[in-house]
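The structure comes first, then the account.

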Amino acid sequence: MNKMTFFPDDRTLLMIGNFRIPTYLIAAIFAVIVVFIFLLKENKKHGYKRIVAVELFLFCAAGGFIFSRLFWVLGNLSEYMKYTPYIFLITDGGYDATGGLIGVALGTWVYTHEHYMSWRRALDMTAPLAMLMITITRIGRAMAARTLLFVIALDFIGFLIIWFEIHRYREGRRRGETAATTFMWFGLISFLATVFKWDVRGTHDVIMAGLSVVVALLGYIYLHTHPLDKPVILFDLDGTLMDSRRMVLLCFGYFFKKYSNIKNFTIDKQRKVFIQPLRTSFKEFFPEQDDAKLAEEYRTYQGSFSWSNDVTLFPHTEEVLHDLWEDGYKLGIVSSRLTESCDSWLRQFKLSYFDVVVGRDQYDKAKPSPAGILYACKRLKEGHDNCIYIGDSKSDIFAAKAAGCYAIGFYPKRNDPTADERDKLKLGELESAKPNAIIGDLSELKDILKETHGWTYEKL
């Protein structure tokens, strides 16, 4: 019977007969689990599906593995040239940490480039997590090299500072700074480890440490000398670009006359029709009727009139859209209206500035689901991690937040002294959704666009 022995030596956790489980393998598995949990949580916060986290992790793992091995072999090339098959002996534990970090950066670039994501924003997430993985994995070697604990402790402290402090939004912060700081910290600690001989394995750590610092410095220079990418700007239509309030109230008035009593169309119900989906309103107001049929009847009724005297553009809408279009911004519409109806109104107002128009018939789940926003970004081949969505209702803001976009609430009576109680209630609803900003006029967009943060809900 094979004898089971725990910690038979400094490099082995468990030995059963001739079979051994090295401590670095267990540490590496634990590192993978911890980092993957971090990545899942962060991706969800950014509005991405679970599959994105899985695929991004695999790309980063592949890049890190290949380049860490490559850099190790290059650093010890004279030894490997004596017997070249050893280059492919990946079980010898020969991996370079700086090479792994660079490989993760390249893996992140490949994945984000193919999926229209911001490389700098993703790297701000994957670079510190790669450092955490390297740090945890090194614990498996610490029993055989106790001085390595100094490196582990300093890199772990660095991760905590970078992830929980530097990675947070602050005024003037630019995308990519977290990644650059990670490379800088990692390089400096590697240099100290070489000088004080905390890690005796590397023969070229000074070169690798220098490379990491150079990458960080070049990153800082690039970030502060290149302009930020222009965000995609998506708009709701009704209540944001065009003032269709009177038309909507008249349409609902028709339904109350037909299926109930116009006196039942109270101020509270009038408020609700502007803050909840159409079918939700019909379910609540006319529970005995089929809400799907009522919604179809609503669209038919609304489409049977021109409403040209009841619908107008909000002030400065046309000139703001024109200026944004001339400045090179990609513009789009994401509306609860059908696409045909959106196109009809845009033609009527001669608004031809939009690169994409997405109506309710093009996405499966209505707002507050982010489906419409995500589909619009996909059509534009742009990431929703560099996107602004502007809407006038709570469901608009929730949809933007669920997509991870920078959310702007539009409330045209923000500074209007004639605003009534119904208007104030709508403002309260909008504020309760906690958008990034609330504007009362589209011309206020120009000042917001001068800000230098990332165009996501977290401004990262």
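A disulfide is a pair of cysteine sulfur atoms within 2.5 Å. The model is predicted: local features need pLDDT of at least 70, side-chain atom pairs count only at pLDDT 80 or more, and totals for chains, interfaces and linings use all residues. Residues are numbered from 1 along each chain as its sequence is written, and side-chain values use heavy atoms, with hydrogens and water left out.

**Cysteines**

A search of the whole structure finds 0 disulfides. Cys377 is in none; its nearest cysteine sulfur belongs to Cys387, 4.0 Å away. What keeps Cys387 from a bond with Cys405? The closest cysteine sulfur to that of Cys387 is in Cys405, at 3.8 Å, which is too far for a bond. Cys377 counts as buried at 1%. Cys387 counts as buried too, at 0%.

**Backbone geometry**

Helices (H or I, at least four residues) and strands (E, at least two) are DSSP runs, numbered from the N terminus.

| Site | Backbone feature | Value |
|---|---|---|
| Lys367 and Pro368 | cis peptide bond | omega about 20 degrees |
| His316 | positive phi | about 70 degrees |
| Lys459 | positive phi | about 65 degrees |

Pro368 sits in the loop between strand S8 (356–358) and helix H15 (371–380). His316 occupies the loop between strand S6 (312–313) and helix H13 (317–326). His316 is not a glycine. Its relative accessible area is 36%, so His316 is partly exposed. Lys459 is not a glycine either. Lys459 falls in the segment after helix H18 (445–448).

**Nonpolar cores**

In soluble globular proteins, nonpolar side chains tend to be buried together. A nonpolar core here is a set of buried Ala, Val, Leu, Ile, Met, Phe, Trp, Tyr and Cys residues joined through side-chain atoms within 4.5 Å. Which members of the largest core touch the most others? They are Ile233, Phe235, Phe252, Leu324, Leu331 and Phe354, out of 51 residues. Helix H9 (residues 245–259) supplies the largest share of this core, 7 residues. Apart from it lies another core, of 39 residues, including Ala53, Phe71, Ile136 and Met208.

Take Leu324 in more detail. Contact means heavy atoms within 4.5 Å. Leaving aside neighbours within four places in sequence, Leu324 is in contact with Ile233, Phe235, Tyr329, Leu331, Leu445 and Leu449.

Definitions and conventions. Buried means under 20% relative accessible area, exposed over 50%, partly exposed in between (1.4 Å probe, protein chains only).
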